[in-house]
Amino acid sequence: MLTKETLHRAVETLRRGDLVALPTETVYGLGADAENELAVRHIFAVKGRPADHPLIVHLADAEALDAWARDVPPVARTLAAAFWPGPLSLVLRRTARATDAVTGGQDTVALRVPDHPLTLEVLHAFGGGVAAPSANRFGRISPTTAEHVREELDGDVDLVLDGGPCRVGLESTIVDLTGERPAVLRPGGVPLDALERVLGHPVEVRSKSAVRVSGTLASHYAPRAGVVLTEPMALESRVHAEQSQGHRVAVLSPTRPPGAVFWRELPAEPADAARVLYSRLREADAEGATLILVSLPRPEGLGLAVRDRLHRAAAPRPPLPSPPGRGKG
Ligand code: TXA
Ligand code: MG
């Protein structure tokens with residue numbers, strides 16, 4: 001529960017057209033009044049995000065769907081009933097309420113009802129839609145604690161609501177419902193098999209994460225250090241190889257491989273791995289790792305989303321400046 005004062009402050013901040021960082025069950029969002037074009041443009045400026053990357057509009061409940069989407073197919077209601085509030089974003093044809101600023105000029109809008117008590121309180125009290133991308137700078141790791149948001153956005157956000165660590169730990173599953181058949185655009189907090197069970201048929205995954213095209217994936221969800229992925233069996237020899245190349249290797253895996261200098265647990269259970277993944281990547285950066293070696297969780301349940309984010313983090317990217325004060329000599 002928010003105090004009356006904090007709730008009032010959050011709503012007033014949104015009404016004024018300022019930015020509020022909000023906890024959700026997936027990751028923290030950088031929220032603004034979705035119908036205030038200046039406020040929405042401010043999100044893009046703070047994130048350093050290209051204007052053609054559309055935002056997700058967060059709603060208080062499924063009843064608000066028809067205000068934001070038109071020609072809503074029955075399957076949208078089915079999915080909303082099954083998964084909202086929860087980590088599922090639905091792409092639908094927009095109404096005029098979803099402006100070009102939010103949708104990047106597309107005729108579609110992504111909508112979701114997040115599952116976090118504080119943010120639901122704010123959404124109900126605010127009454128409108130809140131456009132919110134993850135509360136990180138463009139291309140970087142999404143924040144899963146209020147502390148991450150403060151580290152990352154510092155003075156650029158007017159209010160940060162602290163709702164504790166995020167329960168899911170990575171972003172919502174995005175399902176496009178504007179085509180012939182539903183298609184997953186981004187694997188996320190709702191596992192594919194859960195979607196398929198509700199829909200009663202297999203669902204196509206149209207995410208581009210498996211395609212290593214420099215430019216489209218470059219530096220997305222990326223820590224500062226390079227990321228190398230291995231299957232669990234190959235981990236130990238890879239640790240030795242990279243360490244002997246002079247890398248300061250941070251290993252993320254279920255158990256510590258012999259000889260690893262810096263290790264953090266990445267649980268074998270996919271849902272547990274999802275919850276801690278982004279924190280672990282941040283910790284590895286903070287420890288000054290030059291390379292993060294990650295043992296991939298099995299591709300089941302949330303493991304698909306974890307692997308998707310890791311493949312993006314490991315994709316080719318432009319070199320970032322090395323942190324100051326750590327010269328080679
Ligand atoms: O869990 C989440 O989804 C978090 C929390 C804060 O809700 N939000 C989030 O937002 O991850 P963001 O902006 O980091 O990612 C939103 C994704 C982008 O990849 C964007 O391209 C896609 O949603 N998206 C938004 N509107 C879309 C649309 N109309 N059609 C297709 N993709 C869309
Ligand atoms: Mg993001």
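Modeller: Helices (H or I, at least four residues) and strands (E, at least two) are DSSP runs, numbered from the N terminus. This is a predicted model: local features need pLDDT of at least 70, side-chain atom pairs count only at pLDDT 80 or more, and totals for chains, interfaces and linings use all residues. Residues are numbered from 1 along each chain as its sequence is written, chains are lettered from A and ligands numbered from 1 in the order written, and side-chain values use heavy atoms, without hydrogens and water.

Biologist: Which strand gives the largest share of the shell around ligand 1?

Modeller: S3 (56–58), S6 (108–112) and S10 (183–186) each supply at least two shell residues. A residue counts as near if one of its heavy atoms lies within 4 Å. The largest share, four residues, comes from S6.

Biologist: How many residues of that shell are charged?

Modeller: Asp, Glu, Lys and Arg count as charged; Ala, Val, Leu, Ile, Met, Phe, Trp, Tyr, Cys and Pro as nonpolar; the others, Gly among them, as polar. There are 21 residues around ligand 1, and Thr26, Arg49, His58, Ser172 and Arg186 come nearest. Eleven are nonpolar and six polar, and the charged ones number four.

Biologist: What share of the accessible area of ligand 1 does the protein cover?

Modeller: Start with the polar contacts (N or O pairs within 3.5 Å). Polar side-chain atoms lie 3.0 Å from ligand 1 at Thr108, facing a nitrogen, and at Arg112, facing an oxygen. The side chain of Arg186 has an N or O atom 2.9 Å from a ligand oxygen. Of the 680 Å² that ligand 1 has on its own (Shrake-Rupley, 1.4 Å probe), the protein covers 87%.

Biologist: How many residues does domain 2 bring to the contact with domain 1?

Modeller: An automatic or database assignment sets the bounds: domain 1 spans 4–205 and domain 2 spans 226–313. Their C-alpha centres are 28 Å apart. In the contact (heavy atoms within 4.5 Å), domain 1 has 23 residues and domain 2 has 14.

Biologist: Which residues of domain 1 lose the most area to domain 2?

Modeller: Buried area is the accessible area (1.4 Å probe) lost by two parts on being put together, summed over both. Here it is about 1,400 Å², with 57% from carbon and sulfur atoms. Together giving 38% of what the domain 1 side buries, they are Ile141, Leu170 and Pro187.

Biologist: Is the peptide bond from Trp84 to Pro85 cis or trans?

Modeller: Pro85 sits in the loop between H4 (74–83) and S5 (88–94). Omega is near -10 degrees, and the bond is cis.

Technical notes: A polar contact is a pair of N or O atoms within 3.5 Å; within protein, one must be able to donate a hydrogen and the other to accept it, and residues adjacent in sequence count only if both atoms are side-chain atoms.
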